[in-house]
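My notes follow in the order I took them.

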Amino acid sequence: MQRRQFLAAAAATALAGCQDTPRTLAGGFTGIDLARGHQLRDLLKTGQLPAPAVVRRTQVLIAGGGVAGLAAARALRLAGVDDFALLELEDEAGGNSRGGVVNGIACPLGAHYLPVPGDDAHEVQDLLEELGLRKRQAGRWQYEERHLCHSPQERLFFQGGWQEGLLPVQGVGASTLAQYRRFSQQVQALGKAARFTMPMLKGFEKNKPLAPVHQALDAMIFDDWLAREGLDDPHLRWYLDYSCRDDYGAGTARVSAWAGIHYFASRHGFHAPGDAAPEEREAVLTWPEGNGWLTRRLAEPLRAGGQLRTGCSVLRIAEGRRGVEVDAFNHATGNVERWQAQRCVVALPVFVAARVVQQAPAFLREAARRLQWAPWLVANIHIDAPLQDRPGAAPAWDNVLYQDANPGGLGYVDAGHQRLEPGALLAGPTVLSYYQALGDLPQGRDQLATLPWTHWAQAALATLAVPHPDLAHRASRVDITRYGHAMAIPVPGQLAFLSQIGLQRFTGKRKQLSNGERNRWLPTPATARLAFAHADWSGYSVFEEAFTRGHAAGLAVLT
Ligand SMILES: Cc1cc2nc3c(=O)[nH]c(=O)nc-3n(C[C@H](O)[C@H](O)[C@H](O)COP(=O)(O)OP(=O)(O)OC[C@H]3O[C@@H](n4cnc5c(N)ncnc54)[C@H](O)[C@@H]3O)c2cc1C
């Protein structure tokens with residue numbers, strides 16, 4: 001039986017036998033410890049930190065254990081440096097790319113996929129090789145089938161039914177298709193006129209200003225650019241708005257035209273129906289626990305080597321002539337611990353770094369003043385039986401609603417999608433991870449901080465009940481993960497500002513690491529003893545940006 005038929009049959013069988021018993025919903029807030037972050041903010045506001053109970057020494061201190069901090073640690077290890085410590089506020093490293101468990105089922109708490117990286121992201125390619133996900137076979141690079149997203153990858157709930165893919169095509173008119181083609185041609189032409197690289201810092205060169213194409217696109221709102229080009233089709237505009245919310249946390253009315261084009265031009269382009277899609281480049285790697293699979297593997301050697309210190313909030317980073325002093329609050333002991341290091345990688349979000357770095361450099365203060373962050377939430381919904389489904393395309397890994405009643409709603413991914421056991425596909429219990437980007441919602445952050453978990457859980461269940469009318473009867477638990485400052489929004493003018501930071505320190509020298517990587521120095525925001533690494537420095541947040549920034553900062557502190 002084809003996988004698709006099997007899914008439909010499994011759902012029908014289960015529905016025939018199920019009782020429509022209303023459920024009492026279990027759940028709560030999980031993942032990020034907002035109280036810890038706020039405790040830190042309050043401690044910093046008083047300006048009076050408790051005296052340190054202990055003083056420790058290390059060569060390099062890494063503040064923050066998200067993808068960037070973990071990548072910096074890996075770069076140090078590969079360069080043969082073991083004398084370092086990584087301090088992370090939460091009880092587990094990984095930041096926005098952590099995995100969780102609901103009723104025994106692994107699911108993402110934040111980031112859930114990594115597109116197969118292009119050649120500009122060779123640091124990420126090297127990591128994937130190291131983890132056995134990328135291998136050269138018969139002269140060609142192959143990705144581990146087990147972790148490439150299985151088919152069907154995505155579907156859209158559009159006009160009462162499911163269609164394959166996320167671009168609205170079912171029943172759309174000739175004028176819509178014509179605008180799809182025109183946008184596709186525009187992306188191609190702009191991609192030829194200037195380099196759109198992922199990670200973006202690979203496109204910048206010392207002493208060279210931004211390309212005129214980038215400058216012009218960066219100066220305007222994406223919506224205005226689309227209007228100028230006469231691209232006003234509602235289906236095209238919906239798709240572009242969805243894409244921007246998905247990668248940037250805010251839609252086309254907020255992000256720059258550079259960001260809107262970069263989304264497509266830096267990865268797989270934009271493919272109008274009928275275009276030959278280069279399938280390999282559109283492939284994504286995913287795991288039940290999302291990118292938590294990657295961050296756990298990055299953290300493992302640090303845990304084994306004793307360098308990872310979780311539950312430690314960095315309160316103060318003071319750069320002196322002879323070294324760096326870092327004070328951190330240990331949440332387990334209730335003590336402040338002082339670290340003395342020769343150098344420090346500040347892998348913290350920019351707004352946190354600006355608070356804790358003493359006499360912060362001008363570029364850090366300016367970045368904290370300019371950047372705007374989108375709040376996000378993830379609702380992990382445990383269901384114990386298959387869901388009733390509307391007609392059309394079969395259940396996919398990513399399932400998006402054209403009309404989502406929740407502001408910023410981005411649909412759900414199924415944590416059970418990659419299962420291999422026969423009969424396991426959506427037939428048994430699974431977790432649906434529903435995403436909501438709140439960057440366009442006024443007061444979104446305040447609402448996240450104040451509304452109860454039941455508000456977000458009920459809103460997610462209500463919107464998903466349109467394609468799955470029996471969801472409320474199948475859902476046994478909903479866990480909500482909140483991110484107050486999930487990701488920087490690439491607003492107009494940001495590229496021009498961020499692209500110049502760090503270039504003055506860019507030497508272009510090569511550095512050989514123990515795994516033989518083809519490394520060279522990358523432009524890194526830095527002072528004499530501090531190197532800054534976080535996706536914020538790219539102005540938008542994806543794995544490739546965070547990882548490359550961390551890798552570059554790890555190399556920068558070795559000078
Ligand atoms: C809901 C959501 C979904 C996403 N989905 C994807 C996806 O599918 N694919 C993708 O590529 N990207 C995705 N992203 C983007 C994601 O942010 C990046 O991929 C990446 O994880 C960012 O890593 P980072 O190290 O730059 O930042 P962060 O993850 O923000 O890491 C910063 C770390 O610093 C720690 N910290 C903060 N303050 C302190 C302190 N005072 N002391 C010590 N530690 C501190 C934090 O706890 C955190 O661990 C998603 C993001 C969110 C929020």
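I checked Y263 and F264 first, and both are buried (under 20% relative accessible area with a 1.4 Å probe and protein chains only; over 50% is exposed, in between partly exposed). This is a predicted model, in which local features need pLDDT of at least 70, side-chain atom pairs count only at pLDDT 80 or more, and totals for chains, interfaces and linings use all residues. I number residues from 1 along each chain as its sequence is written, and side-chain values use heavy atoms, without hydrogens and water.

Aromatic pairs. I find 25 of them in the structure. Rings of Phe, Tyr and Trp (its six-membered ring) pair if their centres lie within 6.5 Å; planes under 30 degrees apart are stacked, over 60 edge-to-face, the rest tilted. Y263 and F264 have ring centres 4.8 Å apart and planes at 75°, so I log the pair as edge-to-face. F363 and F532 also form an edge-to-face pair, with 5.6 Å between centres and 90° between planes. That pair links distant parts of the chain: F363 sits in helix α13 (residues 362–370) and F532 in strand β23 (residues 530–532), 169 residues apart. Helices (H or I, at least four residues) and strands (E, at least two) are DSSP runs, numbered from the N terminus. F363 counts as buried because its relative accessibility is 16%. F532 is buried too, at 1%. I also traced a cluster linked by ring pairs; among its members are Y180, W225, Y263, F264 and Y540.

Ligand. I count 37 residues around the ligand, and E88, S97, H534, S541 and F543 come nearest (near means a heavy atom within 4 Å). The shell divides into 23 nonpolar, twelve polar and two charged residues. Elements supplying at least two shell residues each include α3 (67–78), β13 (312–319) and β20 (475–488). A backbone N or O atom of N96 lies 2.8 Å from a ligand oxygen atom. For L89, a backbone N or O atom lies 3.1 Å from a ligand nitrogen atom. The protein covers 95% of the 990 Å² of accessible area that the ligand has on its own (Shrake-Rupley method, 1.4 Å probe).

T430. Buried or exposed? T430 is buried, because its relative accessible area is 1%. I place T430 in strand β19 (residues 430–437). Leaving out residues up to four places away in sequence, T430 touches several others, including I105, H382 and R419 (contact means heavy atoms within 4.5 Å).

Terms used:
A polar contact is a pair of N or O atoms within 3.5 Å; within protein, one must be able to donate a hydrogen and the other to accept it, and residues adjacent in sequence count only if both atoms are side-chain atoms. Ala, Val, Leu, Ile, Met, Phe, Trp, Tyr, Cys and Pro count as nonpolar, Asp, Glu, Lys and Arg as charged, and the others, Gly among them, as polar.
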